Amino acid sequence: MKAAVIVFPGSNCDRDVASALRKYASAQVKMVWHGESALPEVDFIAIPGGFAYGDYLRAGAIAARSPVMESVLKKASAGIPILGICNGFQVLTECGLLPGTLLRNRDLKFVCKTVTLKVATSDSIFTRDFDRNNMVSMPIAHNDGNYYANPETLESLTSENRIAFHYCMKDGSVNDDKSPNGSQMSIAGILSKSRRVLGMMPHPERATDLEHGSTDGKAMFTALVNELA
Amino acid sequence: MTVANLKSAQEMGLTDTEYSRIKKILGRSPNYTELGLFSAMWSEHCSYKSSRKWLSKLPTEAPWVICGPGENAGVVDIGDGLALVFKMESHNHPSYIEPYQGAATGVGGILRDIFTMGARPFASLNCLRFGHEDHPKTRYLLDGVVAGIGGYGNCMGIPTVGGECTFDARYDGNILVNAMSVGVAATDGIFYARATGVDSPVVYVGSKTGRDGIHGATMASASFDEDSQDKRPTVQVGDPFTEKRLLEACLELMSSDAITGIQDMGAAGLTSSAIEMASKGEGGIELDMDLVPSREEGMTPYELMLSESQERMLMVLQPGSEDQARRVFEKWELDFSIIGRVTDSDHIVLKTGGKVAASAPVQPLADGVSYDRPWVEPPMPPQLPALPASLPAPLETLSKMLGGKDLASRRWIWEQYDHSVMADTVTGPGSDAAVIRIHSTNKAIAVTADCTPRYCMAEPKLGGTQAVAECWRNLTCVGAQPLAITDCLNFGNPEKPEVMGQFIRAIEGMSEACSALNFPVVSGNVSFYNETEDSNIPPTPQIGGVGILEDIDLRCDLALTAQCNRLLLVGGAPKHLGQSLFARNIFDGDFGPPPQVDLSLEQKNGNFVRQLIKDQLVTACHDISDGGLLVTIADMCMAGNRGITLEGEETANWLFGEDQARYILATTEDAVGIISEKALRAEVNLAEIGRVGGTRLTLNSGDAIPINTLNELHTEWFPSYTNVS
Amino acid sequence: MALIQLNRKPLKVRIHITLKPSVLDPQGKVIEQSLKRIGFPQIGQVRQGKFLELTINEKEPKDAEATARLMCEKLLANTVIEDYSIEIIT
């Protein structure tokens, strides 16, 4: 599988996600600079975490208007799967591939910890190896992870089964007041209408190896091998 | 035209004698710019004038040390063609004045020191000492400093994995913010700060220069008084986004042969980097001030040289590689300007408008000055009073201590730091040492930072020894072989003999430990003048240590697991209550001598424990330090959410003594016998002290407390403290 | 007759970007509480926004305003959650 990882000035997790793709998705990974006007032939695109453009103006705002994003949008239309992690999720909402926006965390502080997520749908190439309502553990590390969308958007996300993950308690219950960042409906990740674009705040690439403490993220990468082989 | 005379020299922090010396060196009076160069290079911060004589006594060598003190950071060989590059630095004064930016730029500065040597930073730590928790400024400073460290480090994408944080009234007027960073480089890919190759181009890269921070080095070399609020403009604003681009651009160019020498512009900005590189290279450097990128109108050579604008580097390139280098920096949208050339004139010459604006010999500037300050022997510590006849029940004391400011969980702090970015953090904050995998290998680095200021205040020499020993123990606890240390020596006013005495004795103590434990100092920093209106901070020699784990699977942690059945005590029954947190609680002050450090015992016990861990006979390990044995055990229970039943005597001395060279090990039922045999053969004092199991911490007497309760108490202090306005 | 192009100073544009009323503003809330706490009980609601000051090389204020509007729509404001207002300083 050929994968592209977009690198913006300020991206930090590009090497991390490239590592995970090579190790667990058997991918040939090309690091693509944001200034490129065209993407190479790829089967998969990852938009990594970090602080593209320092998160200046709004997280992901300036990155979403980078030259390479036009090509990314075209690939999305052609059905190429795209995974946006953390800052990548922010970029996806800013460029319109996903609805809603990520606001400052409810407690106004950066939060880094391992959270429990409830898999809300396994009907996507990314989550197909989870069972619905599975609980998985992954780290979050962000300032602006508070998912916000208007009521109509939330309604369609729900009715179309496009919420991918909810933050939940260790016992699986979802409690919006106790989510780590105040996200509406405790949303941690969502899918596009095509179900081929996933944006998520938690970092699956930091939960793949035994040394990470949790290997729950691995299944998202191994799922890609089968899908895109 | 600004006048250069004795008065201006004094305003710049120079003494009359120093001014006379400058005149002698130049053979004439210096002009204002030249005076500026001397005042920066001869400041305490840049020239180490009060400390140099004593720092040379620190052990700095070992077979694995590639580069000791004197460069931007220390370098140690970790095998397989890789080296660790690490250092700790202070940013105390700026953080007191503007906590967010002071702390942020402190992080920025130390990161540059690492990547200027060709290493990609992969772990950061910070040691924070605030004033009393009820002091009106403390909450504001805590909030700002933590936010600043997080704001900069997180944006740079480097995990912040450890550190310390304490509250003590003696830091009321002078908080301490010490930032440490560790990077990895190829042993044949280390870059040094030297300007070699006559006529080689000297290049400025990074942010434009502004008027911020002029004479920041001078601020660090002076004490605070009530006018310090006006020093606000001298704190710089950091831009981690620019530094991230600078990091990537530098590392990218460093993979070629273009760069022959490079130094970051830190304290005293362009002045120190140009002069230091020249002195270590061909001897001379010529700069055209008109080519220095500036973001403000009409900056004078003086301002351009002394500005401490952040995120700038000075490089010397292989002639012919200028275009290649320029392309890399332009890709990352950073300023790139060839501002001068290396010469063999032995002078630093600054030109503007085609004319010479300043000229001075490099060596005297770089050599600085060295003083042998008068000092007095530190006084003996006050006696430890006799314990009151009736003491609170041990578990009540434990609860109070775990729920108090000294021992409460610092989670509130480190959850604001990204500690898992780069996907190699294996053990993060909250353990004895952080463990970070070396990318794509099966090896790992352990890193920790330690110092116990109350011990140092009571007996500076012993405090210095203890800081190094505790650092060495903490690395041992996770199974690592300690390699080397960096230090940040925070002291008061060196012109006061009692402070100088503390400094000299602390270094002596450190040296003894470094020698005995084969744990040399490879880099470091001195921060003097931590004094406000005659009140000096306790001596605070902060130690940052690194160690290596050859096999990451053989690491150990302090959390009790299902494989933990029995608890063992290595090192003998504790009994020393002098300067303990227990005594502090009872007497509301610090009394008595600190616990002795027996370095050969430290070595013996530590090597024994490390070998046990390697042999996979230990399932959890934690050393005894602040709080004593009961606190150590409580830490292990809370982290693992498992109870224990203690079988020892329950005197205050045994439960709360802070004797050194002691470890608590957890192991399986089967391993106890083997371990006992090994201890006998190694002549290590070993005792069985408890059983793991249940959900409570139970004493011999039967008194018990649920681990859940301990966990609740332990995680209460910081959120409550910071939630109040 | 040729028009002599005078060297005009660039126009200064001030842009305020604010959260739409329906969007929760936790920063504004904290500021409101802090003000009340330090002795301003009379404070009502506080909403925090962004202020940008730009210089634009356009001849006519109405052109500058049109450019500013376009910039807001394209980048400066996230129109899902933010409103903007433009002031041209002549």
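This is a predicted model: local features need pLDDT of at least 70, side-chain atom pairs count only at pLDDT 80 or more; totals for chains, interfaces and linings use all residues.

Which loop of chain A is the place of Asn161(A)?

Reply: Asn161(A) sits in the loop between helix H4 (151-159) and strand E9 (163-168) of chain A. Its backbone deserves attention. Asn161(A) is not a glycine, yet its phi is positive, about 60 degrees. Most residues other than glycine have a negative phi. The reasoning is simple: a buried residue needs 20 or more, and an exposed one has 12 or fewer.

Gln616(B) has a positive phi of about 60 degrees, and it is not a glycine. Its loop runs between helix H21 (599-614) and strand E23 (620-623) of chain B. Gln616(B) has 12 C-beta neighbours inside 10 Å, and therefore counts as exposed.

A positive phi also follows a helix in chain B. After H19(B) comes Asn518(B), with a positive phi near 55 degrees. Helix H19 covers residues 497-516 of chain B and has 20 residues. From first C-alpha to last it reaches 29 Å, close to the 28 Å expected at 1.5 Å a residue. H19(B) is mostly covered, with 14 of its 20 residues buried.

Now the meeting of the chains. On the chain B side, 22 residues are in contact with 21 residues of chain A. Two elements of chain B give two or more residues to that side: helix H8 (138-156) and helix H10 (240-254). H10(B) supplies the largest share, four residues. By class, the chain B side has ten nonpolar, six polar and six charged residues.

Both of those helices also pack on helix H7 of chain B. Take H10(B) to begin with. The axes of H7(B), residues 99-115, and H10(B) come within 11 Å and cross at roughly 5 degrees. The two helices are therefore roughly parallel to each other, since the limit for that is under 35 degrees. H7(B) contributes Gly108(B), Leu111(B) and Phe115(B) to the contact. H10(B) contributes Pro240(B), Glu243(B), Leu247(B), Cys250(B) and Leu251(B). Those residues divide into six nonpolar, one polar and one charged.

H8(B) is next. H7(B) and H8(B) pack at about 35 degrees, with axes 7 Å apart. The crossing is right-handed. From H7(B), the contact includes Pro99(B), Tyr100(B), Gly108(B) and Leu111(B). From H8(B), it includes Tyr140(B), Gly144(B), Gly148(B), Tyr152(B) and Met156(B). By class, this contact has 13 nonpolar, seven polar and no charged residues.

Leaving aside neighbours within four places in sequence, Gly109(B) is in contact with Glu89(B), His91(B) and Gly266(B). Arg312(B) is 203 residues from Gly109(B) in sequence and 10.0 Å from it in space, C-alpha to C-alpha.

Glu459(B) gives another buried position, this time in a loop. That loop lies between helix H17 (453-458) and helix H18 (460-477) of chain B. Glu459(B) has 25 C-beta neighbours inside 10 Å, so it counts as buried. Not counting residues up to four places away in sequence, Glu459(B) touches Pro381(B), Pro593(B) and Pro594(B). Glu712(B) is 253 residues from Glu459(B) in sequence and 35 Å from it in space, C-alpha to C-alpha.

One more helix pair ends the tour. The axes of H15 (residues 394-402) and H22 (residues 629-640), both of chain B, come within 10 Å and cross at roughly 65 degrees. That makes H15(B) roughly perpendicular to H22(B). H15(B) passes H22(B) in a right-handed crossing. Pro394(B), Leu398(B), Met401(B) and Leu402(B) of H15(B) meet Leu630(B), Val631(B) and Ala634(B) of H22(B). This contact has seven nonpolar residues, with no polar and no charged ones.

Conventions
Residues are numbered from 1 along each chain as its sequence is written. Chains are lettered from A and ligands numbered from 1 in the order in which they are written. Axes are lines fitted to C-alpha atoms, for helices over the stretch in contact, and angles run from 0 to 180 degrees between N-to-C directions. Angles under 35 degrees count as roughly parallel, over 145 as roughly antiparallel, 65 to 115 as roughly perpendicular and the rest as oblique. A crossing is left-handed if the near helix is turned anticlockwise from the far one by less than a right angle, and right-handed if clockwise. Two residues are in contact if their C-beta atoms, placed from the backbone, lie within 7 Å. Ala, Val, Leu, Ile, Met, Phe, Trp, Tyr, Cys and Pro count as nonpolar, Asp, Glu, Lys and Arg as charged, and the others, Gly among them, as polar. The expected span of a helix is 1.5 Å times one less than its number of residues.
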